[in-house]
Amino acid sequence: MFSRKLTDQIQICLSVPQFAEELFSLTDRNRSFLRVWLPWLDGCKASSDTRQFLELQLSRFAKGEALHVTIVYEGAIAGVAGFNSIDRTNRIGYIGYWLGEEFNGKGIMTTVVRDLIAIGRDFYSVQKIDIRCATANARSRAIPERLGFSHEGTLRRAERVYEQWYDHEVYALVLGERP
Ligand SMILES: CC(C)(COP(=O)(O)OP(=O)(O)OC[C@H]1O[C@@H](n2cnc3c(N)ncnc32)[C@H](O)[C@@H]1OP(=O)(O)O)[C@@H](O)C(=O)NCCC(=O)NCCS
């Protein structure tokens with residue numbers, strides 16, 4: 001598939017509906033792990049839901065609105081990442097991501113986000129990259145912090161995840177200001 005090899009172990013592929021079965025299986029195995037931070041788990045009940053989501057992402061990719069990539073680690077699907085939205089008017093890319101629990105702690109997502117920054121700059125000509133994380137989500141916050149993003153502020157009650165409201169920490173990288 002259309003892919004970029006980032007290291008000997010890590011590859012990112014443009015997400016296509018053919019990944020639905022394996023990606024759903026990863027999601028299903030990690031339901032309780034992901035449910036702490038992500039609001040859509042209860043709506044993803046079968047591989048057909050994942051397939052429908054991937055079809056939507058591919059059509060958004062075609063319109064230049066988003067880029068959804070599937071992360072492959074040592075040949076197995078490990079998670080997803082991408083630009084959830086691309087604001088072409090203001091040239092801002094909004095990054096989101098998740099990994100299966102068994103793929104945490106290996107530096108996979110930091111490597112992937114570093115590459116997404118390059119894609120944003122070189123392919124989409126964005127001038128700013130935005131990452132938003134729930135305040136208590138230390139592992140997620142560590143990624144923009146590790147990559148030199150600035151903390152721009154806190155959005156209060158930014159997201160409802162099942163019965164809880166989360167504040168969001170907003171991180172940004174202004175590409176012209178990169179050292
Ligand atoms: C957020 C999430 C992607 C972070 O995963 P992660 O494995 O911590 O992130 P990385 O892949 O960048 O790995 C970093 C870890 O690998 C270690 N590591 C090993 N090699 C590394 C390398 N070459 N580069 C960077 N880190 C490396 C780091 O020390 C760090 O481990 P530590 O936290 O124990 O110190 C993951 O926890 C997740 O999917 N959570 C659930 C969904 C979620 O919260 N999504 C985000 C919503 S905003």
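Biologist: Hello! Is the crossing of H1 and H3 left-handed or right-handed?

Modeller: A word on the basis: this is a predicted model, with local features requiring pLDDT of at least 70 and side-chain atom pairs pLDDT 80 or more, while totals for chains, interfaces and linings use all residues. Numbering starts from 1 along each chain as its sequence is written, and side-chain values use heavy atoms, leaving out hydrogens and water. A crossing is left-handed if the near helix is turned anticlockwise from the far one by less than a right angle, and right-handed if clockwise. By that rule, the crossing of H1 and H3 is right-handed.

Biologist: At what angle do H1 and H3 pack?

Modeller: Helices are DSSP runs of H or I with at least four residues, strands are E runs of at least two, and both are numbered from the N terminus. Axes are lines fitted to C-alpha atoms, for helices over the stretch in contact, and angles run from 0 to 180 degrees between N-to-C directions. For H1 (residues 20-29) and H3 (residues 47-62), the axes lie 8 Å apart and the angle is about 115°.

Biologist: Which residues of H3 make the contact with H1?

Modeller: Contact means heavy atoms within 4.5 Å. On the H1 side it is made by Ala20, Glu21, Leu23 and Phe24. From H3 come Ser47, Thr50, Arg51 and Leu54.

Biologist: Now to the ligand: which helix or strand gives the most to the shell around it?

Modeller: A residue counts as near if one of its heavy atoms lies within 4 Å. H2 (31-35), S5 (92-99), H4 (108-122) and H5 (138-146) each supply at least two residues of the shell. With 4 residues, the most comes from H5.

Biologist: How much of the ligand's accessible area does the protein cover?

Modeller: Oxygen atoms of the ligand lie 2.7 Å from a polar backbone atom of Gly105, 2.9 Å from one of Ile108 and 2.7 Å from a side-chain N or O atom of Asn137. Accessible areas come from the Shrake-Rupley method with a 1.4 Å probe. Of the 940 Å² that the ligand has on its own, the protein covers 71%.

Biologist: Which side chain makes a polar contact with that of Lys128?

Modeller: Lys128 sits in strand S6 (residues 128-134) and touches, among others, Arg91, Glu152 and Val174. A polar contact is a pair of N or O atoms within 3.5 Å; within protein, one must be able to donate a hydrogen and the other to accept it, and residues adjacent in sequence count only if both atoms are side-chain atoms. At 3.2 Å, the partner of the Lys128 side chain is that of Glu152.

Key. Lists of a residue's contacts leave out its neighbours within four places in sequence.
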